[in-house]
Amino acid sequence: MHFTSEQRLDDDVLEREFTLGDIPGILWTPASASVSAPVPLILLGHPPLGLRRMRPRLAARARQAAADGFASATIELPGSGDRPRWPAVEQARADLRRAMEAGEPVGDGIVDALVLPLVDKAVPEWQAALDALLSLPEVGGPVGYSGGVISIGIRLAVVEPRISAAVLFAGSLVPAAMFEEARRVTVPLHVLLQWDDEGNDRQAALDLFDAFGSKEKSLHANMGGHTGVPQFAGEAAERFFTRHLR
């Protein structure tokens, strides 16, 4: 991990950009973080829209996490931002747009081609980032995962034992194969669902929640579309992490 810039934000949160090989990322740490008092870590997931575009929203989430005593970090997803594009995934995105514009059902083949390669590549990268982040003396466990592409969160919760709890957003297409992986998830879960999400199959989201194997899981459904998550829903997610990462 190589830090490339740093700045102290108004609320005394230290924001540092880094690279991990050719993967860009950002780490936010609260003023309370120190060698003698390392803080828990939240991995901030996001959709594949590029860190540059997502940065304001990610920074807002990180600053709230810092107010609760957590460090936060994120990395650029494969195929996003300035990272090389994948022709096959770009084609799947085009097929998805065509189907949605025509009002046609989105076939399993499109969903698999769009999501599964991203999960297969992104999860090992998140694990490498976690290795690097936890080597910093001011950052410690436990670790949570929050938001982003829900299939990435599912896979991470299954294969990464350092993930102690997860907040997942049921707002992205989920391949059928991920339902079987969901049955192997055992960490505490807090799942957000926008009831009127125009791009999300509500019944599939409910079926996915039912499939999760966690003994402790809660579903928080709110009226509104994909970008209409109410503030109190975010506050509930923060309380969830406070309970499980302390």
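Tutor: Start with residue classes: Ala, Val, Leu, Ile, Met, Phe, Trp, Tyr, Cys and Pro count as nonpolar, Asp, Glu, Lys and Arg as charged, and the others, Gly among them, as polar. The model is predicted, so local features need pLDDT of at least 70 and side-chain atom pairs pLDDT 80 or more, while totals for chains, interfaces and linings use all residues. Residues are numbered from 1 along each chain as its sequence is written, and side-chain values use heavy atoms, without hydrogens or water.

Take the second largest pocket. Its volume is about 410 Å³. It has 21 lining residues, and Val111, Leu173, Val174, Asp201 and Ala204 are the closest to its centre. A pocket is an open set of points on a 1 Å grid over the protein atoms alone, with protein on both sides within 12 Å along at least five of seven lines; a cavity is a set where a 1.4 Å probe fits but cannot get out; lining residues have an atom within 4 Å of a point. Points join across faces, edges and corners, and a volume is the space filled by probe spheres set on them. By class, this lining divides into 14 nonpolar, four polar and three charged residues. Helices (H or I, at least four residues) and strands (E, at least two) are DSSP runs numbered from the N terminus.

Now the largest pocket. Its volume is about 1800 Å³. Of its 49 lining residues, Pro47, Met54, Arg57, Phe169 and His226 are the closest to the centre. Elements that give two or more residues to this lining include helix 1 (51-67), helix 2 (87-101), helix 3 (108-134) and helix 7 (231-244). Strands are there too, among them strand 4 (39-45), strand 6 (139-147) and strand 7 (163-169). Helix 1 gives the most, with seven residues. The classes here are 24 nonpolar, 14 polar and eleven charged.

A search of the whole structure finds one cavity of 30 Å³ or more. The largest cavity has a volume of about 40 Å³. Pro78, Gly79, Trp86, Val89, Glu90, Arg93 and Leu118 line it. Helix 2 supplies the largest share of that lining, three residues. Four lining residues are nonpolar, one is polar and two are charged.

Val89 leads on to Ile110. These two sit 21 residues apart in sequence and 9.3 Å apart in space, C-alpha to C-alpha. Ile110 belongs to helix 3. Beyond neighbours up to four places away in sequence, Ile110 touches Ala92, Asp95 and Leu96; contact means heavy atoms within 4.5 Å.

At 10% relative accessible area, Glu125 is buried (buried is under 20%, exposed over 50%, partly exposed in between, with a 1.4 Å probe and protein chains only). Setting aside residues up to four places away in sequence, Glu125 touches Leu20, Ile23, Ile75, Glu76, Pro78 and Arg83.

Now the packing. The largest nonpolar core has 56 residues, and Leu41, Leu43, Tyr145, Ile152 and Phe212 touch the most other members. Helix 3 provides the largest share of this core, 13 residues. A second, separate core has 23 residues, including Leu44, Leu51, Ala237 and Leu245. A nonpolar core is a set of buried Ala, Val, Leu, Ile, Met, Phe, Trp, Tyr and Cys residues joined through side-chain atoms within 4.5 Å.

Look at Phe212. Leaving aside neighbours within four places in sequence, Phe212 is in contact with Ile154, Leu168, Ala182, Val185, Leu189, Val191 and Lys217. Ile154 is one of the buried residues of helix 4, and Ile152 is another. Nine of the ten residues of helix 4 (150-159) are buried, so this helix is largely enclosed by the rest of the structure. Its cover includes helix 3, strand 6, strand 7, helix 5 and helix 6.

Leu168 also touches His190. His190 sits in strand 8 (189-194) and is buried, at 2% relative accessible area. Among its other contacts are Ala166, Val167, Ser218, His220, Ala237 and Phe240, not counting residues up to four places away in sequence.

Asp22 lies in the loop between strand 2 (14-20) and strand 3 (23-29). At 59% relative accessibility, Asp22 counts as exposed. Asp22 and Ser172 are 150 residues apart in sequence and 26 Å apart in space, C-alpha to C-alpha.
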